[in-house]
Amino acid sequence: MEYILIIIGAVFVNNIVLAQFLGICPYMGVSSKVSTSVGMSGAVMFVMTLATVVTYLIYHYVLVPFQITYLQTISYILVISSLVQMVEIILKKVSPALFQALGIFLPLITTNCAVLGVAILTVQKEFNLLEGVVFAIANAIGFALAILLFAGIREHLDLMGVPKGMQGAPAALVVAGILALAFMGFAGLV
Amino acid sequence: MVLTLLVITVVASFTLASVYNVTKEPIAAAREAARQNAITMVVPEFDRLESRMFLPLTGRDSLEFNFAYKDDELVGVAVGTYTDQGFSGRIRAMVGFYPDGRIVDVVHLQHAETPGLGDKIEKSKSDWSDQFRDFDPATQVLRVTKDGGNVDAITAATITSRAYCDGIQRAYETFIANVKTPEGGAE
Amino acid sequence: MSQLKNFTKGFIKENPVFVLLLGLCPALGVTTSAFNGLGMGLATTFVLVSSNVVVSLIKSQIPDKVRIPSFIVIIASFVTIVQLVMEAFLPDLFASLGLFIPLIVVNCLVLGRAEAFASKKNLVSSLVDGLGMGLGFAFALTLLGAVRELLGSGAIFGYPFIQGDGMLVFVLAPGAFIGLGYLIALTNLIKKNE
C-alpha cells in the first residue's frame, strides 16, 4: 500500500517535471519529437534508479558514519557523473543496440537536475533503500509521462499558426503550463 | 591527470571542512533560536524550561516535551511533534498545551508543502492555524470536517490539513499518556 | 569586446533565462515571490562569479580530459559554501529555497559559463562575465517572481498592491510556466525592436 502511494504520488500528484520543476532542461530540449523523448526517458530511468541506489549507500554507509554529510552535494554529483560515464562505457561493450538508442542522451543526464534532485529527496524523505528505488522508478515514469505527452503536443504545435512572438519556447511553455494545470487535478487522488 | 583531479578534490574537501566548522555554531544557534521562538509562541509566559523526550504511541521517532514553569508551577507544555502524511515530506510543528490538555497555540517548524496552498499552515501566510487556539481535544475532534472532525481544512489543501491534524493528535495522545495524570494534576 | 558590453549582455541581449533558456529549473521552481527569486539569483551569482574566477585562474593547470569533472568539483564546493552560509545566517530564505540550493550544481548556466567562457578568457573578463550573467539571471528571476507574486497574491516583495486573494494559479506550478512563456515572448519583442 505504501509503495502504491509513493508511485501515484510521484507519477501524478507531485510530477517531477510539472509540479517539482526538476529536469526542465531536457524537458524543453529534447521534446520536439516523440522518438527522441522515448530515448531520453529510457536513459533517465536507467541512470536515476542506479544513481539513487549508489548515493543511498554512500550517504548511509560513508557520509553519516564519518559525519561529513556536508559533502553530500559534491559527492553526489561526482558519483552521478562517473556513473554516467561508466554506464556509457559498459553499454557500448555489452549492448551496442541499446547504446545506439540511448548513447547521445547519456552525457546530457549529468546536468539533468532531476537525477540529483531525486537522490537528495530520497534522503530528505527518509526512505529506506527499497522505498528509494520505488521512488526513483516512479519519478522516472513521471518524467517519461510528462515528456511524452508534451512531445506529442509539440509535434502538433509545429503545424499550427502560432503568433510570431509566441513561436518556439513561449508557446511550448504555455502548453507546459496548461499540462501542469491538468496534472493538478490529480491532487485529489491521494 | 588523475593527480590534478585528486589535488582539486582534496583542496575542495579541506575548504568545505573549514567552512563547515565556521558555520556549524551559527547554524546550531539559528535552529536553537527558531526552537526557542516557537516555544515562547505556544505556551504562556514562563521563567523556567525543562526538556524531556517521550516516545509517541504511533510513529517511530520520539517527541520533545518542553515543560514551562512560572514560579515553579507548570503553566504549559510545548511539544515538538511531526507527521509524515504531508504532501511532500515531513512536517514538524510545535504544539503548546495548557496543563489541562487544551491547546494554547500551534506553529510550524518545518515543511515542504506547496507554495500558495499547503504553506497556509505558516502563521505568516494565513491565519488558518489560529483555529487551534483554545482547541480542546478532549471535547472536540482533531480531524478535518470532511472526516467528521472539528477542524476546517485549508481550501484545496486537505492533505496538508489532515497531516497537520495528525501531528497535533500525536502530540496530544503522548501528552495525555505521559503528562496529564501524574504531573498535570488538573483532574 | 569592451568590459561594459561584456557586463550588460546578460540583462537582455543574452539573458540566461529569457534568451539562452538556461537554468530554467530554479527559474520556475523558486519564483513564487520576488524575494525568493532575488535570493536564488544572488546565490547563483555568487557561485557563478567564484567558479568563473577559480576556473580562469587554474585553467592552464587542468588537463583537457578531466576538465569537466574538475569544474564540477569546483562548482559543487562553492554551492556547498552557499548552502552552509545561508543556513547559518538566512535560515528563513534557506527553508523556502530548499532543494534548489544544492541543485545550483547542475544549473547548466554555471557549468556552461565555466566551460564556454572562463576556461578560455582571462581573469578580469571571466569575473565581469560571471557578474553580468549572474545579475542577469537574478534580474530574470526577480522579474518572474514579481509578476507571479503580483498576479497571484497582489503584492510585490511582500508589500500589498491589490486587495483580495489574486489569481492563485500564478503562485502554483502552471503559473510559473505561463508567466515565463509570456516574459520570453516579451523579450523577443524588445529584441526585435532594437
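# Helix packing and chain contacts in a predicted model

In chain C, helix 3 (residues 34-58) and helix 6 (residues 108-118) have axes that come within 10 Å and cross at roughly 30 degrees. Axes here are lines fitted to C-alpha atoms, for helices over the stretch in contact, and angles run from 0 to 180 degrees between N-to-C directions. Helices (H or I, at least four residues) and strands (E, at least two) are DSSP runs, numbered from the N terminus.

This is a predicted model, in which local features need pLDDT of at least 70 and side-chain atom pairs count only at pLDDT 80 or more, while totals for chains, interfaces and linings use all residues. Residues are numbered from 1 along each chain as its sequence is written, chains are lettered from A and ligands numbered from 1 in the order in which they are written, and side-chain values use heavy atoms, with hydrogens and water left out.

## Helix pairs in chain C

Helix 3 of chain C and helix 6 of chain C are therefore roughly parallel to each other. Angles under 35 degrees count as roughly parallel, over 145 as roughly antiparallel, 65 to 115 as roughly perpendicular and the rest as oblique. The crossing of helix 3 of chain C with helix 6 of chain C is right-handed; a crossing is left-handed if the near helix is turned anticlockwise from the far one by less than a right angle, and right-handed if clockwise.

On the helix 3 side of chain C, the residues that meet helix 6 are C:Thr44, C:Val47, C:Leu48, C:Ser51, C:Asn52, C:Val55 and C:Ser56. Their partners in helix 6 of chain C are C:Leu109, C:Val110, C:Arg113, C:Ala114 and C:Ala118, where contact means heavy atoms within 4.5 Å. The contact of helix 3 of chain C with helix 6 of chain C has 7 nonpolar, 4 polar and 1 charged residues. In this classing, Ala, Val, Leu, Ile, Met, Phe, Trp, Tyr, Cys and Pro count as nonpolar, Asp, Glu, Lys and Arg as charged, and the others, Gly among them, as polar.

Helix 6 of chain C also packs on helix 4 (residues 67-89) of chain C, at an angle of about 130 degrees and with the axes 10 Å apart. That angle makes helix 4 of chain C oblique to helix 6 of chain C. Their crossing is right-handed. Helix 4 of chain C contributes C:Arg67, C:Ile68, C:Phe71, C:Ile72 and C:Ile75, and helix 6 of chain C contributes C:Val110, C:Leu111, C:Ala114 and C:Glu115. By class, this contact of helix 4 with helix 6 of chain C has 7 nonpolar, no polar and 2 charged residues.

## A helix pair in chain A

The axes of helix 4 (residues 72-94) and helix 7 (residues 113-124) of chain A come within 10 Å and cross at roughly 130 degrees. That makes helix 4 of chain A oblique to helix 7 of chain A, and the crossing is right-handed. A:Gln72, A:Tyr76, A:Ile77 and A:Ile80 of helix 4 meet A:Val115, A:Leu116, A:Ala119, A:Ile120 and A:Val123 of helix 7 in chain A. The residues of this contact between helix 4 and helix 7 of chain A divide into 8 nonpolar, 1 polar and no charged.

## Chain B and the interfaces

Chain B has 2 helices and 5 strands, in the order α-β-β-β-β-β-α along the sequence. The C-alpha trace of chain B spans about 75 × 45 × 30 Å along its principal axes.

Buried area is the accessible area (1.4 Å probe) that two parts lose on being put together, summed over both.

| Chains | Residues in contact | Buried area | Share on carbon and sulfur atoms |
|---|---|---|---|
| A and C | 33 of chain A, 34 of chain C | about 2,900 Å² | 86% |
| B and C | 19 of chain B, 23 of chain C | about 1,700 Å² | 84% |

B:Met1, B:Ile8 and B:Leu16 supply 27% of the area that chain B buries against chain C, more than any other three residues.

A salt bridge is a side-chain nitrogen of Lys or Arg within 4 Å of a carboxyl oxygen of Asp or Glu. The structure holds 19 salt bridges over all chains. Between chain A and chain C the count is 0, and across the interface of chain B and chain C it is 1. C:Glu87 forms a salt bridge with B:Arg31, with the closest N and O atoms 2.3 Å apart. Within chain B, B:Glu32 forms a salt bridge with B:Arg35, the closest N and O atoms being 3.2 Å apart. B:Glu32 and B:Arg35 both lie in helix 1 (residues 2-42) of chain B, 3 residues apart, about one turn of the helix.
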